[in-house]
Amino acid sequence: MIDARIYGIAKRIQNVRRVLSMVSGKGGVGKSTIASILSLVLKDAGYRVGLLDLDFHGPACHIILGIGKFQYHEEHGIRPHIHEGIEFASIYPFVQDNYVPLRGRDISNAITEFLSIINWGDLDFLVIDMPPGMSDPFLDILRYIPNTEHIVITTPSKLALQTVARLLLFLREQKYRIMGIIENMKTYESNIVRKLAEKVDTKLICEIPYDGNLEESIGNPASLRKTDIYKELKEKLPRIIGEE
Amino acid sequence: MSSLHEWALAEAVISAALDVARRENAEGVLEINIVVGELQTIDLEIFRSALESLKEGTIAEAAKINLIHEEPCFRCNVCGYEWCIRDLEEEMSEHEIESVHFIPELVHVFVSCPKCGRHDFEITRGRGVYVASIRVKKK
């Protein structure tokens, strides 16, 4: 038995110059928010950008960017939906508000199928919003797109750091590319994340303070562009994409 | 439902066949046996036409294409009940069938075990398209 889909994946992303994945061992650290706002920052800087929400259980990027209901247009597979000039793909149009009770191997199969049918255009960057953890979606991206550049997101909470440290250790030991760490939702002065970055020999890209008003901007790209997160990501963009 | 997804699947199948032939150092592909699980509601006419078109000009040009149909069947992980679906339209709406067409695993979202009602089940056969075997002519 030959799984032909794997042959399709390379072809689907052949015109994508760089793939940036927002990863963290832990949930709730702001991966979807940073992935969505970083996509806006990249687009506003003149890059051709795609955003792939790979969180099948809890897709959120469409909520953050205010993307209403849409259907994919078919063109030798499916073409991503264009929103704010960003090519966007998510499982949301298929499942809408239903629950998605999938086991790991089904998630893996679904991701393989999804990656093999999304017909990305010519992109400078494809930003991937990864679900938390190091299970199937994470391993599938490493398998299918091994040159992915990983941006590790964490909060300064001790609850997140131990798990994030394991993820960093794994990426480092397995020789995957780490672009650096983004410290998100910082509420007090601490160098705990900086020390972690030094320990795994990577850079602390930026420290984003907790923004209590962010919720009001969710769903409104114009408003998202006025947030501290947008400003911080815009200022540190050269560091994020390794061109500093 | 549009038929263009069938082209993407056909492209993947032909790429797989050519890769196997290359790795086997073959001079031609004689036969490609493709299982088509009915859960994915592939338009067979379009799929076959895409395969025939895509193999033109390659070492698979003369390959005989065999499509083997499989009815979708399931086994519940909770109660062990096994069942098959003959008519998808009786089980799912048009939107649901289209979603499953693109990603067959989404059947777990829209279908539950007829006996216990749980969504935790295996697709035992008839999921989608895969290449069962390829026969090549060695150099």
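Everything here refers to a predicted model.

The contact between the chains draws 26 residues from chain B and 26 residues from chain A. On the chain B side, four elements each put in at least two residues: helix H1 (4-23), helix H4 (94-102), helix H5 (107-110) and strand S6 (129-138). H1(B) brings the largest share, with 11 residues.

Chain B itself is split by the domain assignment into domain 1 (4-71 + 126-138) and domain 2 (73-125). Taken over C-alpha atoms, the centres of domain 1 of chain B and domain 2 of chain B lie 26 Å apart. Where these two domains meet, domain 1 of chain B gives 10 residues and domain 2 of chain B gives 12 residues. The domain 1 side of that contact is made up of 1 nonpolar, 6 polar and 3 charged residues.

Chain B also holds an open sheet of 3 strands, ordered S4-S3-S5, with antiparallel pairing. Strand S4 (82-84) and strand S5 (121-125) of chain B are the edges, each pairing on one side only. On average, neighbouring strands of this sheet are turned by 30° against each other, with direction ignored. As for the individual pairing, strand S3 (residues 73-76) of chain B runs antiparallel to S4(B) over 3 bridges. Arg75(B) sits opposite Glu82(B), a residue of S4(B).

Most residues other than glycine have a negative phi. Asp201(A) is not a glycine, yet its phi is positive, at about 55°. Asp201(A) belongs to the loop between helix H8 (192-199) and strand S10 (204-209) of chain A, and it counts as exposed because it has 9 C-beta neighbours inside 10 Å. In chain B, Asn25(B) also has a positive phi, near 55°, and is a residue other than glycine. Asn25(B) is placed in the loop between H1 and strand S1 (26-37) of chain B. With 9 C-beta neighbours inside 10 Å, Asn25(B) is exposed too.

Another loop residue, Thr148(A), lies between helix H6 (136-144) and strand S8 (149-154) of chain A. Is Thr148(A) exposed or partly exposed? Its 19 C-beta neighbours inside 10 Å make it partly exposed, since a residue needs 20 or more to count as buried. Leaving aside residues up to four places away in sequence, Thr148(A) touches Val19(A), Ser21(A) and Ile141(A). As for Leu51(A), 97 residues away along the chain, its C-alpha atom is 14 Å from that of Thr148(A).

Finally, there is helix H11 (residues 228-235) of chain A, whose buried residues are Ile229(A), Glu232(A) and Leu233(A). Looking down the axis of H11(A), these buried residues fall within an arc of 95°, so they line one face of the helix. An α-helix has 3.6 residues a turn, so residues three or four places apart point the same way. The elements that cover the buried residues of H11(A) include helix H2 (31-44), S10, helix H9 (214-217) and helix H12 (237-240) of chain A.

Key: Residues are numbered from 1 along each chain as its sequence is written. Chains are lettered from A and ligands numbered from 1 in the order in which they are written. This is a predicted model: local features need pLDDT of at least 70, side-chain atom pairs count only at pLDDT 80 or more; totals for chains, interfaces and linings use all residues. Two residues are in contact if their C-beta atoms, placed from the backbone, lie within 7 Å. Domain bounds come from an automatic or database domain assignment. Ala, Val, Leu, Ile, Met, Phe, Trp, Tyr, Cys and Pro count as nonpolar, Asp, Glu, Lys and Arg as charged, and the others, Gly among them, as polar. A residue is buried if 20 or more other C-beta atoms lie within 10 Å of its own, exposed if 12 or fewer, and partly exposed in between; C-beta atoms are placed from the backbone. Two strands pair if DSSP finds at least two bridges between them. Axes are lines fitted to C-alpha atoms, for helices over the stretch in contact, and angles run from 0 to 180 degrees between N-to-C directions. The arc is that of the directions from the helix axis to the C-beta atoms.
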